[in-house]
Amino acid sequence: MSGLCDAVEQFLPHLAGIEIEGVRFTTDVVLIAAVRGDEGTCPACSKSSTRVHSRYQRTLTDAPVTGRVIRILLKVRRFFCDNPECCSKTFAEQVNGLTRRWSRMSEGFRRMLTAIGLALAGRAGARLASELGMPASRDRLLRLVRALPDPPISDITVLGVDDFAIKRGHHYGTVLIDCETRKVVDMLLGRDAEPLTAWLQERPSPAVICRDRASAYAEAARTAAPEAVQVADRFHLWKNLATAAAKCVARHKSCLDEPIDMAPGEPAEALSAEPTGAMAERRRAHHALVHELLAQGAGFRQIARHLGWSHRTVSKYAHAATWQELLVGQKPRPSLVDSFKPHLVRRIGEGCLKASVLYREITAQGFTGSYAIVRKFIEQYRTKPDLARVPRPPSVRQVTGWICRHPDNLVSRDTEQLRKILNRCQELRAAVDLVRSFADMITHLHGERLTAWIAAAEQAALPGISRFATGLTADLAAVTAGLSLPFSSGPVEGNVNRIKMIKRQMYGRAGFPLLRKRVLLAG
């Protein structure tokens, strides 16, 4: 048995504090053992004692070996505590690294189950533990995770703050990051100023606080850490500017389409009394574009796919004889062919695409319209021409992307389209200059240029961008620091994504305390 004990000490060092008296092989491996040594240490006063009060046997589950569960039948002594000042009269002996009070598992087994619980939580963790020979219920895994102490919080120099959704649209929390170590230091319920204020008041003030432009976090930092430098996150600044640029592009949407040449011979006086404005120009251009595609033999559905419009919109433009009919207050007129569409669609499905034949058939049924109406209806079902040669007008989102991307990252086709648009619209050219100037400040940290940029943006009076510039003045110090200092909320955003992953892994069933434990302790 001494050789067995030596082997156990080599391969299972956590059993070095017990004396193995026998081994019984059943479905599980059962070790019969006793605690080594002649004395015990009182956990209350740390005094040693050799007076034995009684003996009993406790069963411990240990980590499996080769997939087989290990159970230890441990003979334990209870000692008298000889210290008269101690509150405990008797105590049970413990084995360092193996046992703890009231526990039915070894410390190694506890650490393994706890690691599984932190990584996978309840049901998934229980399934993995069972496959590894460590059967445990999901409740046991969650209890082990909840029992873990919070990691200590050291002094933080650069603190990152952001909110995250506990239940999107209903409940939110605040996550706090040490931006130097990129680790989560704490999580708070709510995204108001009060929880963050209380947290900052209990600890030494950080030197820098990275945050988004939310007023609640700014107020908490001013109240609880007035000496800290507040840094507005550059990612959120750029995102807000991109939204403002999209509003500016949408306001000048009529400038995105290629100009339509006037048909030869059209009298100039025909335009003298026509409506003016952005809406009228857009209606004119779209009407001319649709009728140009129809003249090439394209059908409604093909035009809709090519232009990215709905079938109803294409039909509205196609049935309008002039673009003035499309202005507000005008309604499309019904067609004489509407009552005969079921018959025409059925015959076309049978392979008949000859307009003269179908015209005679519906005339016999009472159709009173012209042959041209029937031919126009049938043309949309004939062979479709290639529309690749007809340029598709860029969308607001596309143009906004061209403006907000670095010019070197644009393909030549996009660069050329953007150049043509800017040549047609001086307001968008001014917007591009402002956006790229702000991007240069973000990239090269030229915060000293911010005041001049705000003045130029306000003077330009561009929709969206000018309002964005005015809004920066309410948080000017933090924005200037964000464009001058190397700190940012990048680590915060990465940990917010990690919180989302852990939350979804638990299928939304975990409460905030368990979510907080897993985020703080799971690596």
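This dialogue walks through selected features of a predicted model.

Colleague: Where do I start with the sheet? In which order do its strands stand?

Modeller: Read the strands from one side to the other. Here an open sheet of 5 strands has the order β10-β9-β8-β11-β12. The pairing is mixed.

Colleague: Which strands stand at the edges?

Modeller: β10 (183–189) and β12 do. Each has a single partner strand, so one side of each is left without a neighbour in the sheet. From one strand to the next, the twist averages 25 degrees.

Colleague: Take β8 and β9. Is their pairing parallel or antiparallel?

Modeller: Antiparallel. β8 and β9 (residues 171–178) pair over 8 bridges. As a landmark, find Ala-165, which stands opposite Tyr-172 in β9.

Colleague: How many bridges join β11 to β12?

Modeller: There are 4 bridges between β11 and β12 (residues 229–232), and these strands run parallel. Cys-210 has Val-231 in β12 as its bridge partner. Now follow the chain. It leaves β11, passes through helix α6 (residues 215–224) and reaches β12. This β-α-β crossover is right-handed.

Colleague: Which way do the residues of β11 point?

Modeller: Sort them by side. In β11 (residues 208–211), Val-208 and Cys-210 point one way. Ile-209 and Arg-211 point the other way. All of them are buried.

Colleague: Where is Gln-324?

Modeller: Gln-324 sits in the loop between α10 (311–319) and α11 (341–349). Its relative accessibility is 26%, so Gln-324 counts as partly exposed.

Colleague: α11 is next, then. Is Arg-347 buried or exposed?

Modeller: Arg-347 is in helix α11. Arg-347 counts as buried because its relative accessibility is 17%, and the cut-off for buried is under 20%. Not counting residues up to four places away in sequence, Arg-347 touches Cys-352, Val-357, Leu-358 and Glu-361.

Colleague: Now helix pairs. What describes two packed helices?

Modeller: Two values do: the angle between the axes and the distance between the axes. Take α14 (residues 396–404) and α15 (residues 412–424). They pack at an angle of about 100 degrees, with axes 11 Å apart. That makes α14 roughly perpendicular to α15.

Colleague: Which residues meet there?

Modeller: From α14 come Val-399, Trp-402 and Ile-403. From α15 come Asp-414, Gln-417, Leu-418 and Ile-421. By class, this contact has 5 nonpolar, 1 polar and 1 charged residues.

Colleague: What is the angle between α2 and α21?

Modeller: Apply the reading again. α2 (residues 107–120) and α21 (residues 512–521) pack at about 105 degrees, and their axes are 9 Å apart. α2 and α21 are therefore roughly perpendicular to each other. Gly-117, Leu-118, Ala-119 and Leu-120 of α2 meet Lys-517, Arg-518 and Leu-521 of α21. The contact divides into 4 nonpolar, 1 polar and 2 charged residues.

Colleague: Last topic: backbone angles. What is phi of Trp-102?

Modeller: Phi of Trp-102 is near 65 degrees, a positive value in a residue other than glycine. Trp-102 lies in the loop between β7 (90–92) and α2. At a relative accessible area of 79%, Trp-102 is exposed.

Colleague: And where is Ser-46 found?

Modeller: In the loop between β3 (40–41) and β4 (48–49). Phi of Ser-46 is near 65 degrees, again positive in a residue other than glycine. Ser-46 counts as exposed, at 54% relative accessibility.

Methods:
Residues numbered from 1 in each chain as written. Predicted model: local features only at pLDDT ≥ 70, side-chain atom pairs only at ≥ 80, totals over all residues. Heavy atoms only, no water. Axes fitted to C-alpha atoms, helices over the stretch in contact; angles between N-to-C directions. Helix = DSSP H or I, 4+ residues; strand = E, 2+ residues; numbered from the N terminus. Parallel < 35°, antiparallel > 145°, perpendicular 65-115°, else oblique. Contact = heavy atoms within 4.5 Å. Nonpolar A, V, L, I, M, F, W, Y, C, P; charged D, E, K, R; others polar. Buried < 20%, exposed > 50% of the residue type's maximum accessible area, 1.4 Å probe, protein only. Pairing = 2+ DSSP bridges. Right-handed = clockwise from strand over helix to strand, strands pointing away.
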